[in-house]
Amino acid sequence: MGKPEIAMENLASGSMPFIVNDCALLAIATGKRAQNLKELRDQLLAIHPGSIYFHFWGNLLHPRFDEPEYSNDFAAWSRHALHDKVLAERLSVVDPNSYDTLDELRQELIEIIEQRLDEREVLAWAQPDQQFEFIRALTVVFRTDLQFFTPEKLAARIGQMSVSSIFYHFIDAKRRNENRLDDFRNWLESFDGRYESLCQCLAKIDPYFTSLTSLREELARVFSGCLCEVGRG
């Protein structure tokens, strides 16, 4: 009985199913290091974009036992290794979602660092054991058994999805997809505009300054709330 029901639901929706994937973000050493701000700037000029991605997003998938003081590794290193609170604060407010490409994000980092180099008369050095080590991200994708043919079915389960699935479909997708949309919106657009209000609500969510658990809760609220409005309409 289950298979015929799915087939009928698929025909009714006119859409391919949303297939849930899981992922792991592997850390790969690049061999590139920096001990002062000039070296950090010089390495940023040529480092692989996947390294910039890792140092902004990688911590979301790593278990944390306390609330991070700074939102990315560059800011944290500036504060704790270089003891430059001014630079750390400037770097910590950089939101990677505000940039269309990782190269644009790279340029923003370089400009902030160069401005700070111009301001400081003395070049701060980190201790040898506190050098900044550039790590590159490699995303490994796993197929799950979950698939949904309607947004309503997805909404009922999104709150139970793994945080790594949330990362893959809502954060990593914006790097993978040419249109820079998350996987949820890409799928919803296949329903001929019926879920436009939900897409608009999802577009307003900034996943950066939060945890994946909080992001999952926010997505569940948005799906539930917007789909109730669609149902009333």
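A residue counts as buried when its relative accessible area is under 20%, as exposed when that area is over 50%, and as partly exposed in between. Keep that scale in mind as you look around this predicted model. By that scale, R106 is buried, because its relative accessibility is 9%. Of the 233 residues in the protein, 45% count as buried. Let's walk through the overall layout, the charged pairs, a pocket and a surface patch.

**The overall layout**

- The protein's secondary structure is made up of 11 helices and 2 strands.
- If you read along the sequence, the elements come in the order α-β-α-α-α-α-α-β-α-α-α-α-α.
- Strand β1 covers residues 18-34, and strand β2 covers residues 132-148.

**Salt bridges: an introduction**

- Side chains that carry opposite charges can pair when their charged atoms come close.
- In this structure you can look for 14 such salt bridges.
- Three of them are described below, each with its partners and their surroundings.

**A bridge between the two strands**

- E133 and R33 form a salt bridge, and their closest N and O atoms are 3.7 Å apart.
- This pair brings together distant parts of the chain, since E133 sits in strand β2 and R33 in strand β1, 100 residues apart.
- E133 has a relative accessible area of 33%, so this residue is partly exposed.
- R33 is partly exposed as well, because its relative accessibility is 41%.

**A bridge between two loops**

- The side chains of D84 and R120 meet in a salt bridge, with 3.2 Å from N to O.
- Here too the pair links distant parts of the chain: D84 is in the loop between α4 (73-80) and α5 (85-92), while R120 is in the loop between α6 and β2, 36 residues apart.
- With a relative accessible area of 3%, D84 falls under the 20% cut-off and is therefore buried.
- R120 has a relative accessible area of 31%, so R120 is partly exposed.
- Both residues also belong to a network of salt bridges that links D84, R90, R116, E119 and R120.

- D103 and R106 meet through their side chains in a salt bridge of 3.0 Å, N to O.
- Both residues lie in helix α6, 3 residues apart, which is about one turn of the helix.

- Helix α8 provides the largest share of the lining, with 3 residues.
- Sorted by class, the lining has 7 nonpolar, 3 polar and 4 charged residues.

**A nonpolar patch on the surface**

- L26, I28 and L138 make up a nonpolar surface patch, and together they have about 230 Å² of accessible area.
- I28 belongs to strand β1.
- The relative accessibility of I28 is 36%, so this residue counts as partly exposed.

Conventions. Residues are numbered from 1 along each chain as its sequence is written. This is a predicted model: local features need pLDDT of at least 70, side-chain atom pairs count only at pLDDT 80 or more; totals for chains, interfaces and linings use all residues. Side-chain values use heavy atoms; hydrogens and water are left out. Patches are made of residues with over 30% relative accessible area and no salt bridge: like charges are joined within 9 Å, nonpolar side chains (Val, Leu, Ile, Met, Phe, Trp, Tyr) within 5 Å. Accessible areas come from the Shrake-Rupley method with a 1.4 Å probe; for residues, only the protein chains shown count as cover. A salt bridge is a side-chain nitrogen of Lys or Arg within 4 Å of a carboxyl oxygen of Asp or Glu. Helices (H or I, at least four residues) and strands (E, at least two) are DSSP runs, numbered from the N terminus. Buried means under 20% relative accessible area, exposed over 50%, partly exposed in between (1.4 Å probe, protein chains only). Ala, Val, Leu, Ile, Met, Phe, Trp, Tyr, Cys and Pro count as nonpolar, Asp, Glu, Lys and Arg as charged, and the others, Gly among them, as polar.
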